Amino acid sequence: MPEQLKKHQKPMTIDEQINNLKALGLVVDDEARARKLLNDISYFRLIKAYSLNLKPHNGNYFKGITFDHIVDLYLFNANLRQLLFPVIERIEVNARCRIANYVSEKYGVLGYKNKDNFAEEVYHRQFLADVTEEIERNKRAPFVKNFRENYEGGDLPMYALVEICSFGTLSKFFKNMQNQDKKAISKSFGVGYTYYESWIESIAYVRNICAHYGRLYNAKLTKRPMLYKQYTEAGIENNRLFAVLLCISHLIEKDDHWNQLITDIDNLIRKYADVDISTMGFPKDWKAYLESSNDSDNSK
């Protein structure tokens, strides 16, 4: 016999939400502030997501845990997302450019339509179905209308198509390319194609978390990047955010923007004292890893 399914709980008013939190042992010093925040940020998004590790499952909060503690974790996460999104954008734009240029030069601007240019026909067919939906969704965009109305066949060339594909779709496209093509593109980033393939899939996953206001703090990532040997031997896990930051550090130029990102993350961690960086996979000497990672590519 299958276990009996749970019934949905009855909705709670904001005052009932606060009373429930207090009954669970959470310290709420300023109920007016709590009421305002719970009216702006849902109970599910704030309390359910950021109470992890602050109380046992279905138990009371550990002694001394406050409502402000949870809010600080939420704010830390929100600020961290905003720091990471621009650097992920740089990775994404670079990927779109180099993949589009390579495919167009080798196979022609419509070469993406030919299944023989790819490893698996079934994945290629799915890609074409996905981009057909994207084209329809973006049919009012001026450049899409231009190609559909003024060019033979109404097809978008590869260099335009990548601009409407999601980063996730682009990573799947790359994954289905022939190995020799993946090698050529990955070489331009200075990494092996098996790593690049894994990395952009994981980076795209984190990008979507950022875009949908999701939780990076204390989150186990579903899309796990393949890590270099020196990182796994150092005990760095590939299912936490820091692993993806390491991957990004190998794909991006170590310029003032990157150095500022490291400084900004450090300042953010210092600002929110309740943050436990180990829940994101950060080692104690995390800055040294991000500052020197491109110098250790020989340990793959």
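Biologist: How many Å apart are the end C-alpha atoms of helix 4 (residues 67–107), and what span should its residues give at 1.5 Å a residue?
Modeller: This is a predicted model, so the values that follow are computed from predicted coordinates. Helix 4 holds 41 residues, which at 1.5 Å a residue should span 60 Å. The expected value agrees with the distance between the end C-alpha atoms, which is 58 Å.

Biologist: At which residue does helix 4 bend, and which proline follows?
Modeller: The bend in helix 4 amounts to about 30 degrees and is placed at Phe85. Within four residues of that position there follows a proline, namely Pro86.

Biologist: Which residue follows helix 4, and what is its phi?
Modeller: After helix 4 the chain continues with Gly108. The phi of Gly108 is positive, with a value near 95 degrees.

Biologist: Are helix 3 (residues 43–50) and helix 4 roughly parallel or roughly perpendicular, and at what angle do their axes cross?
Modeller: The axes of the two helices come within 9 Å of each other and cross at roughly 100 degrees. Angles from 65 to 115 degrees count as roughly perpendicular, and therefore helix 3 is placed in that class relative to helix 4. The answer is thus roughly perpendicular, with a crossing angle of roughly 100 degrees.

Biologist: Which residues make the contact between helix 3 and helix 4, and how many of them are nonpolar, polar and charged?
Modeller: Helix 3 contributes Arg45, Leu46, Ile47 and Tyr50, while helix 4 contributes Phe67, Ile70, Val71, Leu73, Tyr74 and Asn77. Sorted by class, the contact of helix 3 with helix 4 has 8 nonpolar, 1 polar and 1 charged residues.

Biologist: Is His124 buried or exposed, and which residues outside its sequence neighbourhood is it in contact with?
Modeller: His124 is found in helix 5 (residues 121–137). Because residues under 20% relative accessible area count as buried, the 4% of His124 makes this residue buried. Leaving aside neighbours within four places in sequence, the contacts of His124 are Tyr112, Lys113, Asn114, Lys115, Phe118 and Asn176.

Biologist: Where is Glu120 found, and what is its relative accessibility?
Modeller: Glu120 is found in the loop between helix 4 and helix 5. The C-alpha atom of Glu120 is separated by 23 Å from that of Ala160, which is 40 residues away along the chain. Glu120 counts as partly exposed, its relative accessibility being 42%.

Biologist: How many helices and strands does the protein chain have, and what percentage of its residues are buried?
Modeller: The C-alpha trace of the protein chain spans about 65 × 50 × 45 Å along its principal axes. Among contacts between residues at least 6 apart in sequence, 65% join residues at least 24 apart. The protein chain has 14 helices and 0 strands, and of its 300 residues the buried ones make up 45%.

Technical notes. Residues are numbered from 1 along each chain as its sequence is written. This is a predicted model: local features need pLDDT of at least 70, side-chain atom pairs count only at pLDDT 80 or more; totals for chains, interfaces and linings use all residues. Side-chain values use heavy atoms; hydrogens and water are left out. Buried means under 20% relative accessible area, exposed over 50%, partly exposed in between (1.4 Å probe, protein chains only). Contact means heavy atoms within 4.5 Å. The expected span of a helix is 1.5 Å times one less than its number of residues. The bend at a residue is the angle between axes fitted to the seven residues ending there and the seven starting there. Axes are lines fitted to C-alpha atoms, for helices over the stretch in contact, and angles run from 0 to 180 degrees between N-to-C directions. Angles under 35 degrees count as roughly parallel, over 145 as roughly antiparallel, 65 to 115 as roughly perpendicular and the rest as oblique. Ala, Val, Leu, Ile, Met, Phe, Trp, Tyr, Cys and Pro count as nonpolar, Asp, Glu, Lys and Arg as charged, and the others, Gly among them, as polar.
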